Amino acid sequence: MEKEIEEKKLRILCLHGFRGSAEILKKLIFRWPESVIGKLDLVFLDGPFPAQGKSPLEGFFDPPYFEWFQSNKDFTEFYNFEECLEYIEDFMLKNGPFDGVLGFSQGAVLGAAIPGMQRDGVALTKVPKIKFVIIISGAKFGGPTYGIPKLAANAFSSTINRPSLHFLGEADFQRKEGEILLECFVDPQVIHHSKGHTIPKLDDSNVEIMLGFIEKFQQH
């Protein structure tokens, strides 16, 4: 019985990037080694809105493409953010409980804000608080690039008291943003890679970091 408890797979909700899809994110994540994937119960969700313009992934991955919410060109005004959170909450209610959230790009911006919004009781209040976040090429609402949607107004007003694992790419145009996000979490762990704004394959040292992070939760 004890062995079974120790080896419980972590159920993780995976949020894709801007004008990506659940299917695309799944393909990229499943390039990670079985030693990592085998410990996780990964659930991939499409964003609630069809892409409202050309996807940067066209020509690399097949459509359809989705987005989580919309904004103006300066990222100072946001649209459908509340609807997006209700959609995620509804999915989590029907398919949970989830241990954590993994996000890439737009999904990581969203995922990073979830613990703070849950803490403040402004979003995802009908589902258990997530225990951790995995942020790949993320950014902070209220950082240099993004303004703040109303519901996320106080998400980073105090340090997020949840374990977090952050992927920072040397060639990622959003790298600075990702580094700023580190300061928002109580004990951020980091996987560094040489690539750009993408989901990297994991080398041996990064597999070790990833497994160390996962195993903290598997023993509970």
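By class, the lining of the largest pocket splits into 12 nonpolar, 13 polar and 2 charged residues. Here Ala, Val, Leu, Ile, Met, Phe, Trp, Tyr, Cys and Pro count as nonpolar, Asp, Glu, Lys and Arg as charged, and the others, Gly among them, as polar. The model is a predicted one: local features need pLDDT of at least 70, side-chain atom pairs count only at pLDDT 80 or more, and totals for chains, interfaces and linings use all residues. Numbering runs from 1 along each chain as its sequence is written, and side-chain values use heavy atoms, with hydrogens and water left out.

**The pocket**
- The largest pocket holds about 500 Å³ of space, a volume being the space filled by probe spheres set on grid points joined across faces, edges and corners.
- A pocket is an open set of points on a 1 Å grid over the protein atoms alone where a 1.4 Å probe fits, with protein on both sides within 12 Å along at least five of seven lines; lining residues have an atom within 4 Å of a point.
- Its lining runs to 27 residues, with Gly-17, Phe-18, Arg-19, Ser-105 and Gln-106 nearest the centre.
- Helix 2 (22–29) and strand 5 (70–71) are the elements giving two or more residues to that lining, and helix 2 has the largest share, 3 residues.
- Helices (H or I, at least four residues) and strands (E, at least two) are DSSP runs, numbered from the N terminus.

**The annotated stretch**
- UniProt, in an unreviewed entry, lists residues 8–205 as "domain: Serine hydrolase"; such annotations may be inferred rather than shown by experiment.
- Over residues 8–205 the chain is 26% helix and 21% strand, and the end C-alpha atoms sit 23 Å apart.

- Leaving aside residues up to four places away in sequence, Met-117 touches Phe-81, Leu-85, Val-122, Ala-123, Leu-151, Ala-152 and Ala-155 (contact means heavy atoms within 4.5 Å).

**Pro-200**
- Pro-200 sits in the loop between strand 10 (188–193) and helix 7 (204–218).
- Pro-200 counts as buried because its relative accessible area is 4%, where buried means under 20% (1.4 Å probe, protein chains only).
- Its contacts beyond four places in sequence are Arg-31, Trp-32, Ile-136, Phe-167, His-193 and Lys-195.

Technical notes: Buried means under 20% relative accessible area, exposed over 50%, partly exposed in between (1.4 Å probe, protein chains only).
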